[in-house]
Amino acid sequence: MPLRWEILHPQKLIHVIAEGEVTLKEMEAHFDALVVANALVYSKLFDATRLEPVYDETDVMAMGARLSAYTENFPSGPLAVVGRDESVILAFKRFVNISPSNRPAALFSTEKKARAWLAKQAGAEEQRT
């Protein structure tokens with residue numbers, strides 16, 4: 001499976017690993033699983049270092065509609081994406097731009113930097129509550 005994830009409830013973290021070609025269908029299955037697990041609010045660490053995004057403009061618009069429905073009904077936690085490839089950077093920008101969520105999202109070159117940023121986000125959230 002090109003898109004694997006682990007939901008770590010105690011840490012309120014979702015760790016996603018993408019390897020190879022990932023289609024809209026895999027992304028939809030991922031988001032549906034997070035909704036069912038009541039985990040959209042968790043921080044997300046998305047390792048896209050081996051990702052090959054496979055979607056066209058129609059797919060991006062469909063995902064935008066789905067993201068709109070999710071964020072209208074469920075809060076969404078911060079997103080840290082790890083990847084350096086130009087296709088990953090472009091996909092990240094497209095999905096962040098179409099998402100109506102005001103959650104923090106950032107792109108990183110290493111998982112270590114992404115984890116440090118997510119830890120800061122969690123600390124800031126704790127101070128707000």
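**Figure 1. Lysine 12 in the loop between β1 and β2.** In this predicted model, lysine 12 sits in the loop that links β1 (3-8) to β2 (13-23). Its phi is near 55°, a positive value in a residue that isn't glycine. Is lysine 12 buried or exposed? Lysine 12 is exposed, with a relative accessible area of 51%, and the cut-off for calling a residue exposed is over 50%.

**Figure 2. Asparagine 38 in the loop between α1 and β3.** Here we're looking at the loop between α1 (24-36) and β3 (43-54), which is where asparagine 38 is found. Asparagine 38 isn't a glycine either, yet its phi is positive, at about 55°.

**Figure 3. The largest nonpolar core.** This core holds 26 residues. Which of them touch the most other members? They are Leu3, Met27, Phe46, Leu51, Met63 and Val81. Two or more residues come from each of β2, α1, β3, α2 (57-73), β4 (79-82) and α3 (86-98). In soluble globular proteins, nonpolar side chains tend to be buried together.

**Figure 4. Close-up on methionine 63.** Methionine 63 is one of the core members that touch the most others. What does methionine 63 contact once its neighbours within four places in sequence are set aside? The list is Leu24, Met27, Glu28, Phe31, Phe95 and Ile98. Met27 turns up again here, as another of the core residues touching the most other members.

Figure 5. Another nonpolar core lies apart from the 26-residue one. It has nine residues, among them Leu45, Ala80, Ala114 and Trp117.

**Figure 6. Stepping back to the whole chain.** The chain has four helices and five strands, and from the N terminus on they run β-β-α-β-α-β-α-β-α. The radius of gyration is 14 Å, close to the 14 Å that the globule rule gives for 129 residues, so the chain is as compact as a globular protein of that length. Along its principal axes, the C-alpha trace spans about 40 × 30 × 25 Å. Buried residues account for 41% of the 129. If you take the contacts between residues at least 6 apart in sequence, 79% join residues at least 24 apart.

Conventions:
Residues numbered from 1 in each chain as written. Predicted model: local features only at pLDDT ≥ 70, side-chain atom pairs only at ≥ 80, totals over all residues. Heavy atoms only, no water. Rg over C-alpha atoms; globule rule 2.2 N^0.38 Å. Buried < 20%, exposed > 50% of the residue type's maximum accessible area, 1.4 Å probe, protein only. Contact = heavy atoms within 4.5 Å. Core = buried A, V, L, I, M, F, W, Y, C linked by side-chain atoms within 4.5 Å.
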